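Please look at the sequence and the 3D structure together before reading on.

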Amino acid sequence: RVEAFHQRCLRRILCIRWYMNVSNLKVPKQAKIESVETFIVSGRLRWFSPVTQMPDHRLPRSLMNWRPAHGKRSRGRPRKMWLDCVREDYKVATGTPASAEEMAELAADRNEWRRLAALRTRFPEAGHSAD
């Protein structure tokens, strides 16, 4: 939905009408701007490092690994957790899968993790999913 809204706004700004048959991949290139997903993914990667370095009593840190202890989940596929998204983003950026603990160790080196988050912005269509 966010990407569709972004496309609609860009098309309006650039005066691209529906009958001009311009693909959605060409619109951001024409505007010289990254996709919204790229900003979201790089923000997720940037935020992961400070969260892993927080003490355990802080709310973001405790929510990162939280699992409900009671109740019954609804039918169907489980919802994707934030940590799963970060793991997927890391895999796309580096090409190698990693566990949350391995990523936390890497995030301890702030300069290296910043480099990784900046590298992710160079993959505008990578990691695009329908979720």
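## Terms and basis

A residue is called buried when its relative accessible area is under 20%, exposed when it is over 50%, and partly exposed in between, with a 1.4 Å probe and protein chains only. Helices are DSSP runs (H or I, at least four residues), numbered from the N terminus.

This is a predicted model, in which local features need pLDDT of at least 70 and side-chain atom pairs count only at pLDDT 80 or more, while totals for chains, interfaces and linings use all residues. Residues are numbered from 1 along each chain as its sequence is written, and side-chain values use heavy atoms, with hydrogens and water left out.

Helix α1 covers residues 2–13, and its 12 residues reach 17 Å from the first C-alpha to the last, close to the 16 Å expected at 1.5 Å a residue; the expected span is 1.5 Å times one less than the number of residues. The buried residues of α1 are His6, Gln7, Leu10 and Arg11. Seen down the axis of α1, these buried residues fall within an arc of 130°, so they line one face of the helix, where the arc is that of the directions from the helix axis to the C-beta atoms. The buried residues of α1 pack against α2 (26–31) and α3, with contact meaning heavy atoms within 4.5 Å. On the face turned away from this buried side, α1 carries the exposed residues Val2, Arg8, Arg12 and Ile13.

The loop between α1 and α2 holds Cys15, and Asn21 is found in that loop too. Phi of Cys15 is near 55°, a positive value in a residue other than glycine, and phi of Asn21 is likewise positive, near 55°. Cys15 counts as partly exposed at 47% relative accessibility, whereas Asn21, at 71%, counts as exposed.

Helix α3 has 18 residues and reaches 27 Å from its first C-alpha to its last, close to the 26 Å expected at 1.5 Å a residue. Among its buried residues are Val41, Arg44, Leu45 and Phe48. Pro50 has its place in α3 and is partly exposed, with a relative accessible area of 35%.

The axes of α3 and helix α6 (residues 100–107) come within 9 Å and cross at roughly 95°, where axes are lines fitted to C-alpha atoms, for helices over the stretch in contact, and angles run from 0 to 180 degrees between N-to-C directions. The two helices, α3 and α6, are therefore roughly perpendicular to each other, a label given to angles of 65 to 115 degrees, while those under 35 count as roughly parallel, those over 145 as roughly antiparallel and the rest as oblique. Phe48, Ser49, Thr52 and Gln53 of α3 make the contact with Ala100, Met103, Ala104 and Ala107 of α6.

Helix α5 (residues 82–94) has 13 residues. Which residues of α5 are buried? They are Leu83, Cys85, Val86, Asp89, Tyr90 and Ala93, and they cover an arc of only 155° around the axis, which puts them on the same side of α5. Just after α5, Gly95 takes a positive phi of about 90°.

The axes of α3 and α5 come within 10 Å and cross at roughly 105°, and α3 and α5 are therefore roughly perpendicular to each other. The contact is made by Val41, Arg44, Leu45, Trp47 and Phe48 of α3 and by Trp82, Leu83, Cys85, Val86, Asp89 and Tyr90 of α5.
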